[in-house]
Amino acid sequence: MTDPIADFLTRIRNAVRAHHKQVEIPASNMKVSLAEILYQQNFINGFSLLQDTPQGTIRIYLRYSKDGKPVIEGLQRISTPGLRKYSPAQEVPRTLNGLGVTIVSTPKGLLTDAQARQQNVGGEVLCRIW
């Protein structure tokens, strides 16, 4: 697999479109950090790390509104292995004027766009979620 983050986002996107309650994704440290940010920003109900294989699996519990609409409306990969996108701290892009979240890989770990600006640290712009 050449782009595990794109695979992570695609699995979530497909599960949301199919109205699944949960989705299982092969684990890595970066994917666990992405799941933590999604949970902190209330895009998902929670996640658990299963040690059923040597690599492990992340089970993500998707969130829907009371009328059945998914909370996650869109996911977009920004930086790809073939074309990396970097941004300084004050120029980290906003998603829908703050209604969504941009996730940035920084020397301090994965941060949201607001956290990166607050901590004055830039990095690779991984994806947008709204």
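Guide: Two strands are said to pair if DSSP finds at least two bridges between them. Helices (H or I, at least four residues) and strands (E, at least two) are DSSP runs, numbered from the N terminus. The model is predicted: local features need pLDDT of at least 70, side-chain atom pairs count only at pLDDT 80 or more, and totals for chains, interfaces and linings use all residues. Residues are numbered from 1 along each chain as its sequence is written, and side-chain values use heavy atoms, with hydrogens and water left out.

Visitor: What makes β6 and β8 a pair?

Guide: Pairing requires at least two bridges, and strand β6 (residues 101-106) has five with β8, in the antiparallel sense. Within these strands, Thr 102 stands opposite Arg 128 in β8.

Visitor: Why are β5 and β8 called paired?

Guide: Strand β5 (residues 86-87) is joined to β8 by two bridges, and the strands run antiparallel; the requirement is at least two, so they pair. Ser 87 has Gly 123 in β8 as its bridge partner.

Visitor: What makes β8 mostly covered?

Guide: Buried means under 20% relative accessible area, exposed over 50%, and partly exposed in between (1.4 Å probe, protein chains only). Six of the seven residues of β8 are buried, and the strand is therefore described as mostly covered.

Visitor: How do you know that the span of helix α1 agrees with expectation?

Guide: The expected span is 1.5 Å times one less than the number of residues. For the 14 residues of α1 (residues 4-17) this gives 20 Å, and the end C-alpha atoms are 20 Å apart, so the two agree.
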